[in-house]
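Here is a short note to read alongside the model. Keep the structure open and find each residue as it comes up.

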Amino acid sequence: MPVNPELQGREFPPTRPYLVGREKVREFARAVFATDPTSYEVEAARAAGHRDLVAPPTFPVVVQEATLAQLLAEPDSGIDFSRVVHGDQRFSFSRPVFAGDELTATLRVTSVKTLGAHSMVTAESTIVDADGAHVVTATSTLVVRGDE
């Protein structure tokens, strides 16, 4: 079953709020080998002018994952997860993610392209804080391998 081209333009409901914890920031920073002390030490973050620990720039994938799960679970998507390869990832920030943030994400499929037997699905997850202010937009392109 090919990817449904009618996914393009579809928007999904906002995810449940995700509370960014200090230990989650530290764990993620260790996992990506981040060395900035503002991701580990509250004192270093505050000395640098931040209110709390600063998440590494790729941390929003943790929040974005819930939106991509919505897309992959969509019954009419035609996306077979066993055939998905992550093709591209980009972030556009209004501000950094901090420990203590409560973030909610909304996914919109911006593009569905067919390239031979394969498809490319691009989706933007707009991530906002508890006040509804934009924090970051995470854009992923998923390559869905077709029958070869």
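Predicted model: local features only at pLDDT ≥ 70, side-chain atom pairs only at ≥ 80, totals over all residues.

The points below go from the overall fold to single residues.

1. The protein has three helices and five strands. Starting at the N terminus, the order of elements is β-α-α-α-β-β-β-β. Along its principal axes, the C-alpha trace spans about 55 × 30 × 20 Å.

2. **Burial and contacts.** The protein has 148 residues, and buried ones make up 42% of them. Take the contacts between residues at least 6 apart in sequence. Of these, 69% join residues at least 24 apart.

3. **The largest nonpolar core.** In soluble globular proteins, nonpolar side chains tend to be buried together. Here the largest nonpolar core holds 15 residues. Which of them touch the most other members? They are Val-20, Val-25, Phe-59, Val-97, Leu-103 and Ile-127. Helix α1 (22-31) supplies at least two residues of this core, and so do strands β3 (102-115) and β5 (134-144).

4. **A second core.** There is also a separate core of 14 residues. Among its members are Leu-7, Leu-71, Ile-79 and Val-109.

5. **Ile-127 up close.** Leave out residues up to four places away in sequence, and see what Ile-127 touches. Its contacts include Pro-60, Val-63 and Gln-64. They also include Leu-103, Thr-104 and Ala-105. Ala-133, His-134, Val-135 and Val-136 complete the list.

6. Ala-105 is found in strand β3. Is Ala-105 buried or exposed? Its relative accessibility is 0%, so Ala-105 counts as buried; the cut-off for buried is under 20%. Beyond residues up to four places away in sequence, Ala-105 touches Pro-13, Pro-14, Thr-15, Val-63, Thr-67, Thr-126 and Ile-127. Now compare Ala-105 with Glu-65. They are 40 residues apart in sequence, and their C-alpha atoms are 9.5 Å apart in space.

7. **One face of α1.** Four names to find on α1 are Val-25, Arg-26, Phe-28 and Ala-29, its buried residues. Why do they line one face of the helix? Seen down the axis of α1, they fall within an arc of 165°, so they sit along one face. These buried residues pack against α2 (42-47) and α3.

8. Most residues other than glycine have a negative phi. Phe-33 is not a glycine, yet its phi is positive, about 60°. Phe-33 is exposed, with a relative accessible area of 72%.

9. **The second largest pocket.** How much space lies in this pocket? The volume is about 160 Å³. The largest share of the lining, five residues, comes from α3. Helix α3 (60-73), strand β2 (84-93) and strand β5 each supply at least two lining residues. Gln-64, Glu-65, Leu-68, Ala-69 and Leu-72 are among the lining residues. By type, the lining divides into seven nonpolar, four polar and one charged.

10. **Links to check.** Val-25 is a member of the largest nonpolar core, and Val-25 is one of the buried residues of α1.

Methods
Residues numbered from 1 in each chain as written. Heavy atoms only, no water. Core = buried A, V, L, I, M, F, W, Y, C linked by side-chain atoms within 4.5 Å. Buried < 20%, exposed > 50% of the residue type's maximum accessible area, 1.4 Å probe, protein only. Contact = heavy atoms within 4.5 Å. 1 Å grid on protein atoms, 1.4 Å probe; cavity = no way out; pocket = protein on both sides within 12 Å on 5 of 7 lines; lining within 4 Å. Points joined across faces, edges and corners; volume = space filled by probe spheres on them. Nonpolar A, V, L, I, M, F, W, Y, C, P; charged D, E, K, R; others polar. Arc of directions from axis to C-beta.
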